[in-house]
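User: Hi! Could you walk me through a structure that I'm looking at?
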Amino acid sequence: MNAPPPVPKLPLPVAPLLDPSWFHTVLAQPGIKSLLPFPILIAIAYPVWRLFRRWWKDFDDEATTLRVARQERGEVDYRPAVCMALAAAVLTIQEYYGGRSFYDQVLRPQVVVWEAAGHTWLKVSKYDQLYGYAWWSIARVLGYVLIPILGWKILFPKERILDYGLRIKGFIEHLWIYGALLAIVVPVMFIVSKQPDFGTYYPFYKLSSRSWFDFLAWEAMYYVQFFALEFFFRGWMVGALRDSMGSAAIFVMAVPYCMIHYGKPYLEAHGAVVAGVVLGTLSLRTRSIYSGFLLHISVAAGMDTLSLFKRNALPHVFWGAG
C-alpha cells in the first residue's frame, strides 16, 4: 500500500513576524509614521476622558460660578490675555536666546576671556559642552520662573504666587498619584530602552560618562529646568487660565507644551500632548506641580542611567580627565 503524498507546506510568513525588526521597517515608511500617532491618541483619549471627566466638570462648574460672580460685579478677568501674551513672549525669547547658539556666539567668548585672565579653573576646553547646558538651564529658570513671577506681581499684586502650584500641602495629600504614575511609566521606560537608538539619544550631555561630577552636574541642571518647566506650564499657565476657562485651561496649555518638544523624536512630541493633559489635570486638582516635577526627574534619571548602563558607560571616577 502506497503512502499518501506529503501535504505541501504553505510558505506562511511566520518567521518574519517573530522578528521585531519588521516593526521598525514599517515605521520607517514616512506615510505610516506620520499618521501613527492619531490612532494611538484616539485610543488613549477615551480612558483619559473616563478617568478625568468628573474633575474636568468640577473645574468647569467652578469657573462658571466665578465668571457669573465677576459679571455681576462688572469686572473683567484680564489674566488669560496677559498670560497668553506673556507666554508667547517668553517662549519666543527661549527659542532665540535660550539655546546653545546664543551661548556659542555671546557667552562662550566671554568665558574664554575670563579663563585667559587667570581663572584657569573654568577649563573651557574640558567643560565647554557642560557650560552650554548650564546656560540652557539658567535660561529656563529666567524665562519660565522669574519673568512670569515678576510680571504677575507687577500687574496683579494681590495674587499669591504660592497658589500657582507651589504649595506643599496639595502634593502631600495626593502623593499616591505620583506613585501610581510612576508604576505606569517605569515599564514603558524599560520598553523604550530596548529601542536601537536609545543609547545614542540619552543622556543629552554626551560626556556624562566621563566622571561622576559630569553626570551629577548634568542631572542637577536637568532637574532645575524641569522644575522651571512644570511651574511655567502646570503651575502658572493653568493657574492663570483656570478661573476663566475651567478645564479648557489644560488643553490650551498642552498646545505650547507640545510645541517645545519639536526637534525631539516625532512620537515623543505627540506623547507630550498626553503628558500635558494628564499632568495639567493633576496640577489643577492638587493645586501642586510637585507630582509632575518628581515624575519628570524620575524618568530623566532612569533614562540617563539605563542608557549608560546598557553601554557599560557609567562613570568610574569622580573627576574626569581633561
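This is a predicted model: local features need pLDDT of at least 70, side-chain atom pairs count only at pLDDT 80 or more; totals for chains, interfaces and linings use all residues.

User: Which residues of helix 5 are buried?
Analyst: R79, P80, C83, L86, A87, V90 and Q94 are buried in helix 5. Buried means under 20% relative accessible area, exposed over 50%, and partly exposed in between, using a 1.4 Å probe and protein chains only. Helices here are DSSP runs (H or I, at least four residues), numbered from the N terminus.

User: Where do they sit around the axis of helix 5?
Analyst: Seen down the axis, the buried residues of helix 5 fall within an arc of 135 degrees, so they line one face. That arc is taken from the directions from the helix axis to the C-beta atoms. An α-helix has 3.6 residues a turn, so residues three or four places apart point the same way.

User: And what's on the other side of helix 5?
Analyst: There, A81, E95 and Y96 are exposed.

User: What covers the buried residues of helix 5?
Analyst: The cover includes helix 4 (37-73), helix 7 (124-155) and helix 11 (212-245).

User: New topic: where is K123?
Analyst: K123 lies in the loop between helix 6 (100-116) and helix 7. Its phi is near 45 degrees, a positive value in a residue other than glycine.

User: Is N312 buried or exposed?
Analyst: N312 is exposed, at 66% relative accessibility, and is found in the segment after helix 14 (290-310).

Conventions:
Residues are numbered from 1 along each chain as its sequence is written. Side-chain values use heavy atoms; hydrogens and water are left out. Helices (H or I, at least four residues) and strands (E, at least two) are DSSP runs, numbered from the N terminus. Contact means heavy atoms within 4.5 Å.
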